[in-house]
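Dear colleague,

Please find the structure below, handed over for your reference. My notes on what was found in it follow.

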Amino acid sequence: MMPPDEIVQHLVDTYFIHAHNQPYAYFQEEHFRQLLGLMILPRCLIFAVLASSVRFSNDDYFQGRTHEAMESYARQAWLSVLNEHLTVENCPNLHVAQTTNLLAIVDFTAGRTSSGWLKIGLAVRIAQDLQLMKEPSPMLPIVEQEERRRVFWSVYLLDKLVSCGKARPPAIADEDCHVQLPCEEEVFRTGTWK
């Protein structure tokens, strides 16, 4: 169940202070907040952001139950991915790639290596299916182009980091990467291209 609106806003604020761009970046903050306000972000992504940020929260709402809240939000995000986005009728999209990568990080930081390994594998396949390893269409708005780059490089980075473990080869080959690196955060916030 989604927490009260003020708690969601608090956790979104917390996410952008403590988790965004450290080192993974998926969103332009203003664009994310706009989509959230319009209530057009999928539940899976909202819950994944909540799960990612609750451990940094000092709000009394989570007093003594931070871990429980993180687990609940991550579970709800994952079930939403499975039930609403990985069905015959639906195709994964950029939000699902963001969600699965965020959930992989939640799993790895919670010590659930196998679960995280599977989720990063899914994030890689979704990124490949969406052709994120190639430059986005110039017909897309600049913010969306940059978010696609950021999602790809965040998936790539996590894939490389988790592959440092024994018998865990990376799923993305360097020679398959044909997209420029993301621009600096200050440039991205202005919505311009560099």
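**Salt bridges**

Glu 29 and Arg 33 are joined through their side chains by a salt bridge, with 3.0 Å from N to O. The term salt bridge stands here for a side-chain nitrogen of Lys or Arg within 4 Å of a carboxyl oxygen of Asp or Glu. This is a predicted model, in which local features need pLDDT of at least 70 and side-chain atom pairs count only at pLDDT 80 or more, while totals for chains, interfaces and linings use all residues. Residues are numbered from 1 along each chain as its sequence is written, and side-chain values use heavy atoms, with hydrogens and water left out.

Both Glu 29 and Arg 33 lie in helix H2, 4 residues apart, about one turn of the helix. Helices (H or I, at least four residues) and strands (E, at least two) are DSSP runs, numbered from the N terminus. Glu 29 is partly exposed, at 24% relative accessible area, and Arg 33 is partly exposed as well, at 26%. Here, buried means under 20% relative accessible area, exposed means over 50%, and partly exposed lies in between (1.4 Å probe, protein chains only).

By the rule above, the count comes to 10 salt bridges. Another of them joins the side chains of Arg 149 and Glu 135, at 2.7 Å from N to O. This pair links distant parts of the chain, 14 residues apart: Arg 149 belongs to helix H7, and Glu 135 to the loop between helix H6 (113-129) and H7. Arg 149 is buried, with a relative accessible area of 1%, whereas Glu 135 is partly exposed at 36%.

Arg 150 is buried at 3% relative accessible area, and Glu 146 is buried at 3%.

**The sides of helix H2**

The buried residues in H2 include His 31, Phe 32, Leu 35 and Leu 36. They lie on the same side of H2 because they cover an arc of only 135° around the axis, the arc being that of the directions from the helix axis to the C-beta atoms. Among the elements that cover the buried residues of H2 are H1, H3, H5 and helix H7 (142-162), where contact means heavy atoms within 4.5 Å. The exposed residues Glu 30 and Gly 37 are carried on the face turned away from the buried side.

**Backbone around H2**

In the loop between H1 and H2, Asn 21 has a positive phi of about 70°, although it is not a glycine. The peptide bond from Gln 22 to Pro 23 is cis, with omega near -5°. After H2 comes Met 39, with a positive phi near 60°. Met 39 is exposed, with a relative accessible area of 74%.

**Cysteines**

How many disulfides does a search of the whole structure find? The search finds 0, a disulfide being a pair of cysteine sulfur atoms within 2.5 Å. The sulfur of Cys 44 is 14 Å from the closest cysteine sulfur, in Cys 91, and therefore too far for a bond. Likewise, the sulfur of Cys 164 is 16 Å from the closest cysteine sulfur, in Cys 177, too far for a bond. Cys 44 is buried at 0% relative accessibility, while Cys 164 is exposed at 67%.

With kind regards
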